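Please examine the sequence and the structure shown below.

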Amino acid sequence: RSAGSSCCFARGVLTETVLQCWTLEEAVQFVEAVGPKGAQSIEYIEEPLQDPAELPEFGRRTGMKYALDESLEQDVWRPLLGDAHLRALVVKPAIVGGLEAVLQIQQAAGPGVEVVLSSAFETGIALSHYAVYASVLPQTQEICHGLGTFDRLAEDMLDPPFEAAVRRSRVAVLDCQRNLVGLGNTIRHCPHLEQRPSKMEMESVKELTPEEAEEAEMMKKFGFG
């Protein structure tokens, strides 16, 4: 009962997505069934268990790495950060609270745990922001982020669409930046839209703590202010 799998073309490995469907015993049986050779081709299994608290035991019994997704929404993931079998945190910015929340999760993850951005059927506007942000996340190796939901859209609000920036399963980040700048210029020069100060401009008129100022500067640098 696997909900699906995806292939990371850059690394030639599979990731299995289970959506918390299995009991501990069912998950162990799956790993035993695929055997050692099959297990080598699976980078990690995403949310294999109904009860996330049993994930360390799953790792100990099978040696298989796992990733968290729904557990981030349920806020039960922090006690698992020290588990050696935790491989990745699959983060949906629109679900966890935006890119600032992603930054907080990335900082909490620490070394050895990948942060994988994943979309939830957003338009190309959000996907372009995710691609830019993913390109500056501190990672020790190439990460395959989950931004492929654009092909499920009948049409894209972004022109040119996000799909135009995808070539051979890779995203041209500079194209995303140009498209977002072009969209911003179009909005700024639209006579039908009321011009309001941005969040960054509003925050600049109040005194920020050093931590808030550092975070605001980082978000502005990456174009998310």
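## Helix packing

Helix H1 packs against helix H2 (residues 55-62) at an angle of about 30°, and their axes lie 10 Å apart. Helices are DSSP runs of H or I with at least four residues, strands are runs of E with at least two, and both are numbered from the N terminus. The axes are lines fitted to C-alpha atoms, for helices over the stretch in contact, and the angles run from 0 to 180 degrees between N-to-C directions. H1 and H2 are therefore roughly parallel to each other; angles under 35 degrees count as roughly parallel, over 145 as roughly antiparallel, 65 to 115 as roughly perpendicular and the rest as oblique. Their crossing is right-handed. A crossing is left-handed if the near helix is turned anticlockwise from the far one by less than a right angle, and right-handed if clockwise.

This is a predicted model, in which local features need pLDDT of at least 70 and side-chain atom pairs count only at pLDDT 80 or more, while totals for chains, interfaces and linings use all residues. Residues are numbered from 1 along each chain as its sequence is written, and side-chain values use heavy atoms, with hydrogens and water left out.

Helices H6 and H7 (residues 173-188) form a further pair: their axes come within 9 Å and cross at roughly 135°. That makes H6 oblique to H7. The crossing of H6 and H7 is left-handed.

## The bend in H1

Helix H1 comprises residues 24-40, which is 17 residues, yet its end C-alpha atoms are only 20 Å apart, short of the 24 Å that a straight helix would reach at 1.5 Å a residue. The expected span is 1.5 Å times one less than the number of residues. H1 bends by about 90° at Val34, and Pro36 follows within four residues. The bend is the angle between axes fitted to the seven residues ending at a residue and the seven starting there. Among the buried residues of H1 are Leu24, Phe30 and Gly35; buried means under 20% relative accessible area, exposed over 50%, and partly exposed in between, with a 1.4 Å probe and protein chains only.

## Aromatic pairs

How many aromatic pairs does the structure hold? There are 2 aromatic pairs, and both are listed in the table. Rings of Phe, Tyr and Trp (its six-membered ring) pair if their centres lie within 6.5 Å; planes under 30 degrees apart count as stacked, over 60 as edge-to-face and the rest as tilted.

| Pair | Centre to centre | Angle between planes | Class |
|---|---|---|---|
| Trp22 and Phe30 | 4.8 Å | 35° | tilted |
| Phe150 and Phe162 | 5.5 Å | 65° | edge-to-face |

Phe150 and Phe162 both lie in the loop between H6 and E7, so their pair ties together parts that are 12 residues apart in sequence. Both Phe150 and Phe162 are buried. Trp22 also counts as buried, at 4% relative accessibility.

## Loop residues

The loop between H6 (124-136) and strand E7 (166-167) also contains Ile143, which is buried with a relative accessible area of 13%. Pro160 is found in the loop between H6 and E7, and the peptide bond from Asp159 to Pro160 is cis, with omega near 0°.

Glu47, a residue other than glycine, has a positive phi near 45°, and at 1% relative accessibility Glu47 counts as buried. Ser169 has a positive phi near 70°, but at 52% relative accessibility Ser169 counts as exposed.
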